[in-house]
Amino acid sequence: MKAVVLGTAAGGGVPQWNCACGPCTAVRAGVLPARTQDAVAVSGNGVDWWLVNASPDIGAQLAATPALAPGPGPRDTPVRGVLLTDAELDHTLGLAVLRGAPGLRVHAPATVLHALAPTRAVLAAYGEWSWRPVEPERAFALTGGIEVTAFPVSGKRPRYAADPPAAGHWVVAYRFRDPATGGVLLYAPCLASWPAGFDALVAEADVVLLDGTFHAPSEMGAATGRPSGQAAMGHLPIAHSLPELRGHPATRRIYTHLNNTNPVLDPTSPEHAEVTGAGVEVVADGTVIDL
Ligand code: MLT
Ligand code: MN
Ligand code: ZN
């Protein structure tokens, strides 16, 4: 299995168009690398690729990734579909960019599919896609030889979304497994807390891509303008997840969905040193992982 880390930033990216914070300014000055919004591409055979989350940056991410280039026919694409961890705009607005590609499959929790009803109605005019609800903890196969399982991790409802008619899970983590190699990738870019059972998932994974939105709990209130108690429910800060990750030195651990306020973006910061000192990585967009 191959995974390409297409983007590593939280909503807005780094730099964010309307933000003059330290890291955004440093990127504009060429001091730090730019980061596009969080997404991954996975393939079991190098031919059939699946996007996991579709940010508004998906066009640039596809263009920057040779394996995802169109072909061999003039309108062929190796992209078979999209899996969504949640319904947040930074993970779903890219679906509109992908319009017109016939026959894409979108796998997402039923709650997410419900929230996306208006988007789906718009996209239906551009081509027939298949929208498939993902059942928690029930493995299914993706074209190209990958087995995937969703694990509910959080009840964080997007600000724009209403509660669905039936109770459901707003956010899942995905475990991708290549039965041929035994390689396991765990992708959890939106984690409100360290859920029960998550230690076992991290322990059995070769690589985990984890929510690194904020470093300190206090950063959340400042970034969202909401009371930190309320905002704190959305993203477990690195200050709280790093001690958990320290318990899994055998797993390759990478933070993603980095908010532009996060001091970890600066490789000279003490926060970055603390993360890398624990053996946990902050990687560049475009990083390729073999599993
Ligand atoms: C999140 O990850 O919490 C959301 O993407 C926030 C947002 O809407 O920008
Ligand atoms: Mn987000
Ligand atoms: Zn900024």
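Leaving aside residues up to four places away in sequence, Thr251 touches Val202, Ala203, Ala205, Asp206, Val207 and Val208, where contact means heavy atoms within 4.5 Å. This is a predicted model, in which local features need pLDDT of at least 70, side-chain atom pairs count only at pLDDT 80 or more, and totals for chains, interfaces and linings use all residues. Residues are numbered from 1 along each chain as its sequence is written, chains are lettered from A and ligands numbered from 1 in the order in which they are written, and side-chain values use heavy atoms, with hydrogens and water left out.

**Thr251**

- Thr251 lies in the loop between α10 (238–245) and β12 (252–256); helices (H or I, at least four residues) and strands (E, at least two) are DSSP runs, numbered from the N terminus.
- Thr251 is buried at 4% relative accessibility, buried being under 20% relative accessible area (1.4 Å probe, protein chains only).
- A polar atom of the Thr251 side chain lies 3.2 Å from the backbone oxygen of Ala205.

**His215**

- His215 occupies the loop between β11 (207–211) and α8 (217–224) and is buried, with a relative accessible area of 11%.
- Residues touched by His215, not counting those up to four places away in sequence, include Pro237, Asn262 and Glu271.

**Zinc ion (ligand 3)**

- The protein donors are Cys19 (SG), Cys21 (SG) and Cys24 (SG), lying 2.2 Å from the zinc ion; donors are N, O and S atoms within 2.8 Å of the metal (3.2 Å for Na, K and Ca), and sites may look incomplete, water not being among the atoms.
- The donor residues follow the spacing C-x1-C-x2-C.
- Both Cys19 and Cys21 are buried.

Note on methods. Buried < 20%, exposed > 50% of the residue type's maximum accessible area, 1.4 Å probe, protein only. Polar contact = N/O pair within 3.5 Å; in protein donor to acceptor, adjacent residues only side chain to side chain.
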